[in-house]
Each structure stands twice: as C-alpha cells, then as structure tokens.
Amino acid sequence: MTHADTAPAAAGSNASAPIGQQDCTQVPRFAGPPTFGLLPRIDQVEAERGPGSVDVKILGVPYDAGVSYRSGARFGPAHVRASSRLLRPYNQATDVFPFATQQVADCGDLGVNPFNIDEAIATIEKAADDLRADGAKLLTIGGDHTIALPMLRSLARDHGKIAVLHFDAHLDTWDTYFGAPYTHGTPFRRASEEGLLDLERCMHIGIRGPLYGKQDLEDDAVLGFQIVRSDDYQFKGIAHVIEKMRTRLGDAPVYVSVDIDVLDPAHAPGTGTPEAGGVTSRELLNSIRGLTGLNIVGAEIVEVAPAYDHAELTGLAAAQVGYEILSVLAANQAGATAPAGPVASDLIPKAE
Ligand SMILES: [Mn+2]
C-alpha cells in the first residue's frame, strides 16, 4: 500500500488491537463520521472490544454560559471535530502512532444546561467521574474555561492535589465578575480555594495582555501559579520554556488545560477573548511535545468559538493540539520518559 494511513499492529495482539481511524483509502477524509480524528465512537469500541477497553475518551462539552466577552464556544466541539479530519496516523515529529498503541474513542457531546451554571458544573463533574471510572483518561473539548473546575474536582478525588499546566493569555484566577463566582475567568481561583491544586506545581504559559492591576499577579502567585510569559518564547526560547515546565511539574499528576487564546489571534482568531502578542501554533505544539514522560492525568482544549474563525485556522490548531496530547499519552503508555523523534534534541536543554 502506498497510502500514508498505515500503522503497525499493536505488539502481541490481534483481536484486541485498538480500533483506529476510518480507512481513508476507502472513504475520503472529508466524508465519514463527525468524530474527532475520524476515530470510532465509544459505543462501537465497547461493542467490539468490551467495556473498559478505551484508554483515552474524547468528550465534547458544548457549554459557554461562563464567558465574559464574545460568546460562541458552545460550538467549539463540533468545529474542532470538523477540523480534525486531516489528522493522520503517524506523528513524524515525535515518532508516535497515537491511535495504534492506545485505544482512543469519541464519547460525543455532554448535555449541559445552558441556563444554569451550577447545574452545568455538577453535570460535568459527574460525567468526568463516570467516564473515568474504568481508568480511562479524558481529553475534553470545550466549551468555555468554566469546565476546568468540575474536571479538577473529579481528578483530585482520584489523584490528590493536581498540578495544573495552564496555557492561556489570561490568568483565570480572578475572584468574581458581576458578583458571579463561576465564570471562565475564575476556575483556577475556585480550584485553589477548594484545595484541589498542588500550590508548588501549577503554572501558566503564554500570559500577556492588560490586567486590572499588580494585585492580580500577587494573588495569582499565592493561589499556586508560576508564570511563563508569551514573550519568554521570543526572548528565552522554547527549550527554556520546556525546562521551566518540566522542573515545575516534576512527577506530580498534571492536568493540561489549553485555552486556545494562548495563541496569537493570527493563529487562532476564533476565540472569545483574543489578546495580541501571543504564541505561534508551532510554539504551542512543540511545548506539548516537550511534556512527554510527565504524569498527565487529563487534558482539555477550550474557548474555540467558530463564529470568529477564518479558514478553520483556530479549529486546525485546536485539533493538532489534541493530536499532540494524544501522542504524548501514547508515548507515556509505552514507557517514554522524555520526548523522542526528530524534535527531541531541540526541545530539551543539554545538561551542562
Ligand atoms: Mn481561559
């Protein structure tokens, strides 16, 4: 076969090999099911391979009642899925087949109340508990950033205090807005107050833009976060950023939270609270590749608002972020302790 869509069989197995993507030699990529990466649905996998056979579950959370500026992230899951049709089986940057050595399946969208934030948060928390009960990891596609709080509540019950690795232009540790405690700008303050976070291990990546005042930064540090600024990518370089991340996160259970507005609006215009001076999609993808070997217990991609997108720029970036996260999880499951493949030597600083 000359087609690129080939992957090695899982070692030592036949009947129980993971079910991968749609066969795009038979059905072209622009046709077929609207799942993430043209992967199977969870019900298809469990019918064929049995319950508990999914390693990573992809869940859409079409919820945006927590936004403070442009609305529309409720359409994020469908847009990211539509933009994920070009994801092919082999990650050449890290030498990983993310769908061949682990079973990934799409769980569809969660039904959340668009008029009641408290109920929506409770629904998300219960879904996270239920979907993770068999040991699967969750990759959630939002939806606005409010959804991070119920995800962290669920994860902390199993893993203890979580190290949040938060890619975002914004701190998201504000207190209230118009008196509301649960918004897309407050999830990490609430999580910190609730004791869900490892205060020595959390960090923001890509911070920039105007704040209300210096107190925002002082509060943020007390709540447990270290900051890598968007400008650090330019002035200090990607290897510096990755070294900072790996040092800070250590062996803690890590939740990777990617707000797509971490990207410059040139790379991700389709989002609710854009800020000039952001990171490039290349910098973001390489940052995620640099997480290989860390103890990642879950991840989310939030704040994709397709009404403001152009030519699928934002959707394509978000889909590729998901692919890189899945690639890291696949490498970790195979025992990797650091990035491998062509990017490895550039990402990790040499020991002096
Ligand atoms: Mn955010």
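This is a predicted model: local features need pLDDT of at least 70, side-chain atom pairs count only at pLDDT 80 or more; totals for chains, interfaces and linings use all residues.
**Helix α4**

I started with α4, residues 148-159. I checked its length first. At 1.5 Å a residue, its 12 residues should span 16 Å, and the end C-alpha atoms are 16 Å apart, so expectation and model agree.

Next I looked at the residue that follows the helix. Gly160 comes after α4, and its phi is positive, near 80 degrees.

How many of the 12 residues of α4 are buried? I found nine, so I noted the helix as mostly covered, using the cut-off of 20 or more other C-beta atoms within 10 Å for a buried residue. I listed them: Ala148, Leu149, Pro150, Met151, Leu152, Arg153, Ser154, Leu155 and Ala156. Arg153 and Ser154 are among these buried residues.

What covers them? I noted two helices in the cover, α3 (117-132) and α5 (187-193). Strands β3 (137-142), β7 (254-259) and β8 (296-302) are also included.

**The sheet**

I then traced the strands. The sheet is open and has eight of them, paired in parallel. I read the order as β2-β1-β3-β8-β7-β4-β5-β6. At the edges stand β2 (104-109) and β6 (225-229). Each has a single partner strand, so one side of each is left without a neighbour in the sheet.

**One pair, up close**

I picked β4 (residues 163-167) and β5 (residues 202-207). They pair in the parallel sense over three bridges. Which residue of β5 does His166 stand opposite? I found His204 there.

Notes. Residues are numbered from 1 along each chain as its sequence is written. Helices (H or I, at least four residues) and strands (E, at least two) are DSSP runs, numbered from the N terminus. The expected span of a helix is 1.5 Å times one less than its number of residues. Two residues are in contact if their C-beta atoms, placed from the backbone, lie within 7 Å. Two strands pair if DSSP finds at least two bridges between them.
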